[in-house]
Amino acid sequence: MFVSPHPDRERRLALPDGRVLASAEFGPADGRPVLFVPGAASGRLMSFGPELLADAGVRLVSVDRPGLGASSPHPGHSLGSVADDLAALARELSDEPIPVVANSQGAPFALALATRWPLARLVLAAPADEVALPATRAQLPEDFRELIDRVAADPLGSEALFSGFTAGGFCDFVLGQVAPEDAAVYEDPDFRAGFLAVVQDALRAGGAGYARNTVLAMSPWRLPLADLELPVELWFGAADTGHSPDLGETLASRIPGASRRIVSGSGGALLWHRPELILGAALESAD
């Protein structure tokens, strides 16, 4: 089973400003918590390796960022404000630092959390890179560089553009060009159905939350990555051509002590293709 959009439990956290942060739990209720920050247009119904959680004794807690799924909208939210929301959830889950896993567009939000809240460990699975960083931008195709420049010149107009994505359109975009290494995941009918259900739920209130997240991810992050003092691992499939032009080499070099793992035979679907690797990395310091 690659992904199950049917959580074992749901939770709602009341935030200090009156908003609600929604999350869902997969795995045993008494398991040790691992916070999961999903990728673009995905929220609390996204999971990975659900068949592994019971044996690992893990309670995977997946979250809706503001404006996605059942979480309240927060117009104009920032990486920092989302990090504060995630910190509030982490505080509810445990009195001790917990491991965090982030996938794709969830990476900058998880990194922002790590700069503001003590974590046991941060595992980035196929993380989106900071494409606005000059050293990274220079490695990207011309059409992508033009899109980055458009976001920089007109962030509000770009949000309006991105907010037009529908669940079906987004899934068609993600699953439209499948690398051979990802075919076992992305062409699986159950995965496609589950992925569509996740995105439909995340975008049920419209695309504004997704659009804001995308503009933030494509803009300069301005995070003090050099100040991070926790174990950070970046995991990429060797055939991943969509998340980072150098498979995280530049990003990892900016984080003290970060390690970068490249997995052959996998692409951008690494999180679901090899979930045991990601879950094992998250638990390495949790015993």
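Trainee: Which helix gives the most to the lining of the second largest pocket?

Mentor: A pocket is an open set of points on a 1 Å grid over the protein atoms alone, where a 1.4 Å probe fits and protein lies on both sides within 12 Å along at least five of seven lines; lining residues have an atom within 4 Å of a point. Here α10 is the main contributor to the second largest pocket, with 3 residues. Helices (H or I, at least four residues) and strands (E, at least two) are DSSP runs, numbered from the N terminus.

This is a predicted model, in which local features need pLDDT of at least 70 and side-chain atom pairs count only at pLDDT 80 or more, while totals for chains, interfaces and linings use all residues. Residues are numbered from 1 along each chain as its sequence is written, and side-chain values use heavy atoms, with hydrogens and water left out.

Trainee: What volume does the second largest pocket have, and which residues are closest to its centre?

Mentor: A volume is the space filled by probe spheres set on the points, which are joined across faces, edges and corners. For the second largest pocket this is about 200 Å³. Pro 73, His 74, Pro 75, Ala 208 and Gly 209 are the closest to its centre, out of 15 lining residues. The lining comprises 5 nonpolar, 8 polar and 2 charged residues, where Ala, Val, Leu, Ile, Met, Phe, Trp, Tyr, Cys and Pro count as nonpolar, Asp, Glu, Lys and Arg as charged, and the others, Gly among them, as polar.

Trainee: Which elements give two or more residues to the lining of the largest pocket?

Mentor: The largest pocket holds about 1400 Å³ of space. Its lining draws two or more residues from each of β5 (99–104), α5, α7 and α10, and α10 again gives the most, with 4 residues. In total 41 residues line it, and Ser 104, Phe 173, Val 174, Gly 242 and His 243 lie nearest its centre. By class there are 24 nonpolar, 13 polar and 4 charged residues in this lining.

Trainee: How many residues of α10 are buried?

Mentor: Buried means under 20% relative accessible area, exposed over 50%, and partly exposed in between (1.4 Å probe, protein chains only). In α10 (residues 208–218), 10 of the 11 residues are buried, including Tyr 210, Arg 212 and Asn 213. The cover includes α2 (79–93), α3 (107–116), α5 (142–153), α6 (155–162) and α7 (167–175).

Trainee: What does the side chain of Ser 244 contact?

Mentor: A polar contact is a pair of N or O atoms within 3.5 Å; within protein, one must be able to donate a hydrogen and the other to accept it, and residues adjacent in sequence count only if both atoms are side-chain atoms. Ser 244 sits in the loop between β7 (232–237) and α11 (249–253) and is buried, at 4% relative accessible area. Its side chain pairs with that of Asp 129 at 2.7 Å and reaches the backbone nitrogen of Leu 247 at 3.3 Å.

Trainee: Where is Ser 71?

Mentor: Ser 71 belongs to the loop between β4 (58–63) and α2, and its relative accessible area of 6% makes it buried. A polar atom of its side chain lies 2.8 Å from the backbone nitrogen of Ala 22.

Note on methods. Contact = heavy atoms within 4.5 Å.
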